[in-house]
Amino acid sequence: MLADNTPGTLQFPYIPKDQRKKILLLSDDLRMSSGVGTVSREIVVGTAHHYNWVQIGGAINHPEMGKKIDISQAVNEEIGITDASVVIYPFNGYGNIDFVRWLIETEKIDAAQPYTDPRFWGWLFNHEHELRQKLPMLFYHVWDDLPFPKYNEHFYESCDWIGCISKQTYNIVKNVWTKHPPKPEQVAYIPHGIPERLFYPVTFENPGKQQKLITGAKIKTPDGKEVDEIIEKSDYEIMVDLRMQLFGNNDPDFVLLYVNRNVRRKMTSDVILAYDTFVKGLPKEAQDKCALLMHTQAIDEAGTNLHAVIEDLNIKSRVVLSDKRIEPRMMNLIFNIADVTINLASNEGFGLGTAESLMSGTPIIVNVTGGLQDQCGFTKDDGTLVSIDDFNAEFGSNHEGKYTKHGEWVIPIFPATLSLQGSVPTPYIFDDRCRWQDVAPIIRKFYDMGRTERKRRGLAGREYCFRSDVGMSSTEMCRRFMECIDNIFTNWTPRKRFTLYKV
């Protein structure tokens with residue numbers, strides 16, 4: 001089964017099951033809705049025709065700890081093959097070295113791939129010399145901000161290949177991994193890819209897919225049996241119903257969307273203050289026709305109590321809280337309901353929500369930090385896109401505004417302060433904070449341009465995601481993964497039992 005250029009089709013040749021390499025993925029359980037879990041699923045599903053996968057599916061107090069879950073048939077049905085091999089071993093946390101050793105021998109693993117912040121994988125990297133005598137260590141990596149984290153160099157040296165989620169992360173790895181530097185092919189830029197089959201524009205003119213829904217009512221069949229009533233509705237019809245559930249009879253003319261966890265670094269309360277300031281600047285008759293839709297937990301121990309923020313700070317603007325987990329196709333409708341999606345996080349490795357918004361055809365407002373800057377489409381004076389080659393030891397991030405020209409699908413806001421924060425495992429890292437007072441006029445700009453222009457800009461953002469030099473579609477992410485990992489399998493040399501260093 002060969003690839004073509006149609007979004008959503010398989011990339012790279014199909015390989016029969018008994019001829020594929022088997023990769024051990026260590027990350028959030030791919031069935032879960034966290035950002036890491038979501039992207040893990042896309043990587044596995046998008047490459048299951050080319051590799052066999054075993055996952056240590058991490059979670060806090062995993063309810064299926066100790067089980068072995070085979071989801072191969074579900075993957076077969078999704079990608080149209082008959083011999084996928086995808087197995088999940090649920091685990092409390094991310095695993096331990098004894099379990100990894102057991103899986104390598106039991107499952108005949110050909111490569112190990114941890115994913116996300118290296119601080120979670122110290123226990124694994126501590127055994128890299130042992131493991132890399134048997135198999136290559138692959139790492140899908142993100143780092144939120146400067147200064148260059150010199151304390152990560154020993155993590156990077158523990159890897160045979162590092163895939164970097166952002167241009168900033170790519171540059172960080174290049175500038176930190178210097179004592180025994182990698183070969184060029186050992187570090188690659190692979191941003192998160194948004195599944196184009198799940199996130200797409202839905203309008204009255206383009207009503208989307210037909211979905212079968214259980215209404216909750218019971219009907220009788222001709223033979224007298226009582227069964228669930230099932231009806232078919234298009235995405236657009238379901239979206240109309242969803243708007244009614246969210247907003248009632250007072251359907252807003254303008255919806256600002258927040259899709260993030262309610263945690264401190266996401267600056268959730270600043271979003272509320274910025275929105276409230278924007279609304280208060282509108283004519284009285286227009287204020288009630290706006291809504292801030294927040295798809296997040298109202299109360300989070302790692303964040304705050306949004307009910308108290310709204311009530312005690314006397315927020316009179318309409319804020320609608322949506323805290324139920326929903327499937328991706330319904331999440332796509334949330335993005336289509338929105339007029340603009342906002343992310344003011346002071347640290348953000350990638351920013352999955354705003355990228356999904358662009359793929360759905362909805363424009364964005366973002367703080368220029370971490371991976372969010374890659375979604376802005378910053379260009380140089382000659383009009384070319386700022387690329388990984390433009391980052392270096394002197395220019396490690398655009399958070400100070402070296403480049404200000406950007407894509408029309410976004411209005412970025414640059415941080416007002418860069419504060420050096422730290423902890424024992426992360427001794428220093430910048431916290432990039434924008435002023436909420438500066439955000440209200442940006443919301444107003446999107447409001448004033450009107451729905452037609454907002455949609456045009458959002459669709460331009462969707463086209464940006466598909467650009468070959470951007471690579472934010474799931475199809476392109478998986479293509480880059482397979483290209484890089486195949487190269488590693490071809491050229492990998494096992495570590496010797498002993499390594500001698502000059503002192």
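The legends below describe an overall view and several close-up views of one predicted protein model.

Residues are numbered from 1 along each chain as its sequence is written. In this predicted model, local features need pLDDT of at least 70 and side-chain atom pairs count only at pLDDT 80 or more, while totals for chains, interfaces and linings use all residues, and side-chain values use heavy atoms, with hydrogens and water left out.

View 1. Helices (H or I, at least four residues) and strands (E, at least two) are DSSP runs, numbered from the N terminus. Along the principal axes, the C-alpha atoms fill a box of roughly 75 × 70 × 45 Å. Of the 503 residues, 55% are buried (under 20% relative accessible area; exposed is over 50% and partly exposed in between, with a 1.4 Å probe and protein chains only). Among contacts (heavy atoms within 4.5 Å) between residues at least 6 apart in sequence, 72% join residues at least 24 apart.

**View 2. Helix H2 (residues 72-79) and its buried residues.** Ser72, Val75, Asn76 and Ile79 are buried in H2. They cover an arc of only 105° around the axis, which puts them on the same side of H2; the arc is that of the directions from the helix axis to the C-beta atoms. An α-helix has 3.6 residues a turn, so residues three or four places apart point the same way. The cover over the buried residues of H2 includes helix H1 (35-47), strand E3 (69-70) and strand E4 (86-92). Gly80 follows H2 and has a positive phi, near 80°.

**View 3. Met477 in helix H16 (residues 474-491).** Met477 is buried, with a relative accessible area of 0%. Apart from neighbours within four places in sequence, the contacts of Met477 include Val39, Glu42 and Ile43, and also Tyr140. Further contacts of Met477 are with Ile190, Pro191, His192, Gly193 and Gly471. Asn347 is 130 residues from Met477 in sequence and 23 Å from it in space, C-alpha to C-alpha.

View 4. Pro147 sits in the loop between strand E6 (138-141) and helix H6 (153-157). Gly396 belongs to the loop between strand E15 (364-367) and strand E16 (410-413), and is buried at a relative accessible area of 5%. Gly396 and Leu146 lie 250 residues apart in sequence but 7.0 Å apart in space, C-alpha to C-alpha. Beyond its neighbours within four places in sequence, Gly396 is in contact with Leu146, Phe148, Gln168, Asn171 and Phe391.

**View 5. Lys108, a residue with positive phi that is not a glycine.** The phi of Lys108 is about 55°. Lys108 is placed in the loop between helix H3 (97-106) and strand E5 (111-114). With a relative accessible area of 58%, Lys108 is exposed.

**View 6. Met267, a residue with positive phi that is not a glycine.** The phi of Met267 is about 55°. The loop that holds Met267 runs between strand E11 (254-259) and helix H9 (268-280). Met267 is buried, with a relative accessible area of 10%.
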